[in-house]
Amino acid sequence: MSQTPQTVASEPAALNLRLMAHRISAGFPSPAADYIEVGLDLNDYLVRNKPATFLFNVKGDSMSGASIEEGDKVIVDRGLNPKHNDIVVAVVDGDYTLKRLYQHRGRVELRAENPNYPAIEFKDGRELFVWGVVIGVVRRYAMRG
């Protein structure tokens, strides 16, 4: 994951996309409809706390089981209190990492969503600093043609 967070612009330009009122089926096909709802501003949809929201570029495959892939951008809110099972950006021994927070019966770990990576345990005075909580993922597919 990139070591430097990208700041979300405090006054980002509105990008209104037409949002179709008809929900698209991800299972069996359903009849098409040509109904358009109001525009959807992606800034408003993805960013709730603008001053505390940052983007990180994801590097590596440790969170692939949570559908976070290399090259994705994670949207991170520093204003949220991290809870058990949140996906968080944490600083461990001076390095940023993206993992799922596990807190149970005094045990604290950062867990990958890929079985090839071991959990990072925090015991014997090892300190965990949670930088922020992931609130979204942006993925851009490769262009074809």
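How many aromatic pairs does a search of the whole structure find? Four aromatic pairs turn up. Before I walk you through some of them, a quick word on ground rules. This is a predicted model, so to speak of local features we need pLDDT of at least 70, side-chain atom pairs count only at pLDDT 80 or more, and totals for chains, interfaces and linings use all residues. Residues are numbered from 1 along each chain as its sequence is written, and side-chain values use heavy atoms, with hydrogens and water left out.

Okay, rings. A pair of aromatic rings is described by the distance of the centres and the angle of the planes. Here, rings of Phe, Tyr and Trp (its six-membered ring) pair if their centres lie within 6.5 Å; planes under 30 degrees apart are called stacked, over 60 edge-to-face, and the rest tilted. Take F56 and Y96: the centres are 5.5 Å apart and the planes sit at 50°, so this pair is tilted. F56 belongs to strand β4 (residues 53-57) and Y96 to strand β7 (residues 95-104), and the pair links distant parts of the chain, 40 residues apart. Strands, by the way, are DSSP runs of E with at least two residues, numbered from the N terminus.

Is F56 buried or exposed? Buried means under 20% relative accessible area, exposed means over 50%, and partly exposed is in between, with a 1.4 Å probe and protein chains only. F56 comes out at 0%, so F56 is buried. Y96, at 22%, is partly exposed.

Y96 has another partner. With W131, Y96 makes an edge-to-face pair, 6.2 Å centre to centre and 65° between the planes. W131 is in strand β10 (residues 129-138) and Y96 in β7, so this pair ties together parts that are 35 residues apart in sequence. W131 is buried, at 8%.

Now, charges over rings. The rule is that NZ of Lys or CZ of Arg must be within 6 Å of the ring centre and within 35 degrees of the ring normal. R78 has its charged end over the ring of W131, 4.0 Å from the centre. Over on Y102, R111 lies over the face, at 3.5 Å from the ring centre.

Next up, strand β6. Strand β6 covers residues 87-92, and six of its six residues are buried. Both faces are covered: I87, V89 and V91 are on one side, V88, A90 and V92 on the other.

Which strands does β6 pair with? Two strands pair if DSSP finds at least two bridges between them. β6 and β7 are antiparallel over six bridges, and V88 has K99 as its bridge partner in β7. β6 and β10 are antiparallel too, over four bridges, where V88 stands opposite V133. The β6 and β7 hairpin has two residues between the strands, and D93 in the turn has a positive phi of about 55°.

That brings me to backbone angles. Most residues other than glycine have a negative phi, and most peptide bonds are trans. S67 has a positive phi, near 60°; S67 lies in the loop between β4 and β5 (73-77) and is partly exposed at 47%. R105 also has a positive phi, near 50°. R105 is in the loop between β7 and β8 (107-111), and at 79% R105 is exposed.
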